[in-house]
Amino acid sequence: MTESQIKTEISFEDFKSEVLNDYKIARISRECSLLGRKEVLTGKAKFGIFGDGKEVPQLALAKAFRNGDFRSGYYRDQTFMMAIGQLSIQQFFAGLYGHTDLAHDPMSAGRQMGGHFATHSLDENGNWNNLLEQKNSSADISPTAGQMPRLLGLAQASKIYRNVTGLDHFTNFSNNGNEVAWGTIGNASTSEGLFFETINAAGVLQVPMVISVWDDDYGISVHAKYQTTKENISEILNGFQRDNESNGYEIIRVKGWDYPALVEAYEKASTIAREEHVPVLIHVQELTQPQGHSTSGSHERYKNEERLAWEREFDCLAQMRTWLVDNDIATSEELDTLDENAKKEVLDAKKLAWTAFVTPMKEEQHELISLLKTIAETSANKAFIDNLTNDLAAIKEPIRKEILSTARKVLRLLINENGKNQLASWITNYANKIQPKFSSHLFSQSNATVLKNKEVAPTYDNSAEEVDARLILRDNFDAIFSNYPEAVIFGEDAGNIGDVNQGLEGMQEKYGEMRVADAGIREATILGQGIGMAMRGLRPIAEIQYLDYLLYAIQIMSDDLATLQYRTQGRQKAPLIIRTRGHRLEGIWHSGSPMGMIINAIRGIHVLVPRNMTKAAGFYNTLLESDEPALVVECLNGYRLKEKMPTNLGEFKTPIGVVETIKQGTDITIVSYGSTIRIVEQAAKELLEMGIDCEIIDAQSLLPFDIHHDCVKSIIKTNRLLVVDEDVPGGASAYLLQQIIDEQNGYHYLDSQPQTLASKPHRPAYGTDGDYFSKPSVEDVFEKVYAIMHEAKPERYPSLY
């Protein structure tokens with residue numbers, strides 16, 4: 001809405017009040033940035049990255065932002081969050097200090113540095129709030145452009161809600177798809193591939209996405225001439241501009257210091273995206289960064305005096321102030337008073353935030369000091385304890401590290417004394433109370449956690465037909481799409497041809513292109529589509545064609561999806577299912593099994609490795625009744641193998657975190673998963689002919705693994721352990737060995753050295769011989785087990801070599 005339009009629709013006094021309130025918010029935000037920097041430099045906070053210089057365009061963005069909309073943003077959007085009423089001054093400083101209480105830092109309870117914003121999509125029990133009754137911000141991440149893939153999915157959800165039937169009852173999430181997803185990004189970060197991938201995908205999909213590029217000419221110290229062709233992102237994206245002949249973007253350029261033009265630009269963008277479902281790029285130019293990139297350094301080091309003088313003149317707040325005075329909206333004296341009041345308000349709120357942050361720790365400090373003084377009175381090490389106690393008491397504003405560290409050091413002095421038990425109890429209770437503040441909610445803690453889902457076995461009638469296993473997947477997906485109107489699946493070749501292995505054959509024809517969709521070759525944004533849609537109540541299944549291609553998306557999985565519940569302390573979730581296939585094909589790029597890398601990169605996402613398609617289908621059924629993200633790796637060489645067709649498709653459930661013993665044995669326990677299970681089974685048959693009876697355990701899921709500790713129960717019987725997989729040495733097999741030996745204390749029951757058998761340290765070479773000489777074969781498993789038995793009973797099992 002332009003200034004003239006505003007004046008014709010509301011009184012001048014109302015207009016003046018609204019504009020001055022905008023200026024006040026911007027001034028408060030600026031004072032937060034200025035004082036925040038001082039808090040870091042004086043040591044009260046660890047690091048600061050602020051939104052100074054970006055205040056005025058964020059006011060305009062906030063005016064166009066409506067209830068139900070979502071932000072996926074950049075860590076400089078504090079003014080926007082203040083303008084939509086989702087960030088107070090005290091909360092700003094609580095985030096800067098890292099306050100571990102959600103009541104004080106609702107963004108992340110101290111888990112993220114300041115400047116990373118989020119709203120609460122969930123209540124304290126993990127249930128959805130009504131997202132249409134609030135303004136929403138998806139939780140920020142620091143990796144540059146990492147917010148872009150998720151933005152695509154947040155926007156696509158509106159398109160799904162507008163065009164897919166059967167979702168009328170999802171009234172907490174959408175009003176006919178009228179919601180816009182608003183993204184923000186710095187100009188330098190548009191150099192990232194994730195930006196271009198998202199821009200292209202949104203143009204293809206035509207989703208209601210508005211992306212703002214905050215352009216201040218620099219990326220930390222590096223000028224735009226080293227970042228962007230022509231030093232202008234909207235110029236090089238001109239080919240995306242829609243026209244009468246083809247779809248594309250609406251591209252808008254606006255000066256970041258021009259308040260009325262910004263308001264008009266954002267209202268225009270909102271209307272186009274909201275009504276037409278057309279993506280919009282707003283290039284906000286001529287912005288400044290008055291304090292430089294962060295508290296790590298000064299921008300005077302890399303900006304010359306001419307640039308600094310220009311930034312002082314075209315600081316968006318200075319320009320807004322001039323506009324207010326020149327248009328007789330406010331006098332300089334009025335604005336001076338407003339500025340002074342803003343400074344005082346920020347200072348007062350900062351003091352309250354600091355007091356709230358340090359008070360609990362001071363109380364904990366005093367509690368420990370009192371205990372240590374009591375213990376010291378009867379200790380032979382009184383002098384040493386007194387020194388540690390006095391050192392702790394001298395700390396005026398302690399942190400919990402200093403408190404607990406002191407207690408643990410004193411405990412060493414009490415090993416043989418009566419006071420030990422009392423202090424040990426205090427330490428244990430303190431750790432139990434404090435540790436969850438830093439470690440909770442890696443996985444869901446709601447009633448919908450996967451661990452509360454029980455197994456439902458597949459059922460078969462007497463005439464159960466043995467069919468190609470891919471038909472079980474296909475017919476189970478059919479049941480899923482019928483039972484869950486909110487379920488959608490998308491990926492490369494997932495739509496028209498029903499995926500490369502025909503597990504979705506006929507599904508697009510039956511359920512439509514919106515629900516069963518092809519996607520371009522762009523793995524990161526396929527993941528992003530899934531994350532964003534899952535954050536808005538849909539149940540997406542994002543298909544990555546092959547396991548090796550997951551590497552394109554691993555950063556998004558690791559930094560965004562895996563950490564979402566953790567970094568919001570359980571106040572946001574994205575129960576995305578990632579479907580892929582891998583293992584035992586042929587060639588470097590289609591048969592890798594980098595499971596160790598994956599499971600260590602994506603803690604927070606369940607990793608499921610079914611040995612056949614019935615097990616895989618059961619995992620999908622289980623996950624759709626839970627609220628957690630998971631990766632399902634189907635066996636690439638299993639689609640044409642024969643399996644019996646169950647009668648309870650869509651209903652049977654494979655338990656997550658539960659291993660399955662698929663062969664009983666007495667001599668050695670072999671743990672494996674996925675396609676390698678078939679190799680192990682064949683080797684076990686041949687070993688039995690030699691009098692060696694193997695017990696075979698299918699891990700089924702790597703994260704979580706064996707929650708009932710069935711592996712160690714097997715070892716108690718066999719006293720020997722071999723873990724087999726086709727990852728590189730030290731990969732997932734080493735992880736499984738650590739879980740069994742360390743977590744389950746399996747070492748207590750072993751009579752032989754526990755061992756692993758993995759692939760060679762290189763990718764598998766092409767062809768059948770390449771597979772045989774790169775990955776464990778039946779003969780490899782046979783000889784490994786035989787060697788273990790030879791070491792134990794050489795007289796019974798003479799050496800093969």
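Colleague: Why is Lys401 called exposed?

Modeller: Lys401 has a relative accessibility of 66%, and exposed means over 50%, so Lys401 counts as exposed. Keep in mind that this is a predicted model. Lys401 is found in helix H14, residues 400-412.

Colleague: What makes Lys401 part of a patch of positive charge?

Modeller: Lys401 gathers on the surface with Lys46, Arg408, Lys409 and Arg412. Lys and Arg count as positive, and like charges are joined within 9 Å. A patch residue also needs over 30% relative accessible area, and Lys401 is at 66%.

Colleague: On to salt bridges. How do you know that Glu179 and Arg536 form one?

Modeller: Their closest N and O atoms are 2.8 Å apart. The rule asks for a side-chain nitrogen of Lys or Arg within 4 Å of a carboxyl oxygen of Asp or Glu, so the pair of Glu179 and Arg536 qualifies at 2.8 Å. By this rule the count comes to 51 salt bridges.

Colleague: Which parts of the chain does the pair of Glu179 and Arg536 link?

Modeller: Distant ones: Glu179 sits in the loop between helix H6 (147-163) and strand E3 (181-186), while Arg536 sits in the loop between helix H19 (523-534) and strand E12 (539-543). They are 357 residues apart.

Colleague: Are Glu179 and Arg536 buried or exposed?

Modeller: Buried means under 20% relative accessible area. Glu179 has 3%, so it is buried. Arg536 is at 2%, so Arg536 counts as buried too.

Colleague: What makes Lys775 and Glu726 a salt bridge?

Modeller: Again the cut-off is 4 Å, and the closest N and O atoms of Lys775 and Glu726 are 2.5 Å apart. Lys775 lies in the loop between helix H27 (767-774) and helix H28 (778-792), and Glu726 in the loop between strand E21 (721-724) and helix H26 (732-743), so the pair ties together parts that are 49 residues apart in sequence. Lys775 has a relative accessible area of 3%, so it is buried; Glu726, with 3% relative accessibility, counts as buried as well.

Colleague: Why is Asp336 called partly exposed?

Modeller: Its relative accessible area is 39%. Buried is under 20% and exposed is over 50%, with partly exposed in between, so 39% makes Asp336 partly exposed.

Colleague: Which other residues are called partly exposed, and why?

Modeller: Thr355, found in helix H12, has 45%, so the label is partly exposed. Ala448 lies in the loop between helix H16 (436-439) and strand E9 (466-468). Ala448 and Glu625 are 177 residues apart in sequence and 7.0 Å apart in space, C-alpha to C-alpha. For Thr355 and Ser482, 127 residues apart along the chain, the C-alpha separation is 55 Å.

Colleague: What puts the buried residues of H10 on the same side?

Modeller: In helix H10 (residues 305-313), Arg307, Leu308 and Glu311 are buried. They cover an arc of only 100 degrees around the axis, so they are on the same side of H10. In an α-helix there are 3.6 residues a turn, so residues three or four places apart point the same way. The exposed residues Glu306 and Arg312 are on the face of H10 turned away from the buried side.

Colleague: What is there to say about the phi of Ala109 and of Asp499?

Modeller: Phi of Ala109 is near 50 degrees, a positive value in a residue other than glycine. For Asp499, phi is near 75 degrees, also positive in a residue other than glycine. Ala109 is found in the loop between helix H5 (89-97) and strand E2 (136-137), and Asp499 in the loop between strand E10 (487-491) and helix H18 (507-511).

Colleague: Why are Ala109 and Asp499 called buried?

Modeller: Ala109 is at 0% relative accessibility, so it counts as buried. Asp499 has a relative accessible area of 0%, so Asp499 is buried too. The limit is under 20%.

Key. Residues numbered from 1 in each chain as written. Predicted model: local features only at pLDDT ≥ 70, side-chain atom pairs only at ≥ 80, totals over all residues. Heavy atoms only, no water. Patch = residues over 30% accessible without salt bridge, like charges linked within 9 Å, V, L, I, M, F, W, Y side chains within 5 Å. Areas by Shrake-Rupley, 256 points an atom, 1.4 Å probe, with all protein chains shown as cover. Charge placed at Lys NZ, Arg CZ, Asp CG, Glu CD. Helix = DSSP H or I, 4+ residues; strand = E, 2+ residues; numbered from the N terminus. Buried < 20%, exposed > 50% of the residue type's maximum accessible area, 1.4 Å probe, protein only. Arc of directions from axis to C-beta.
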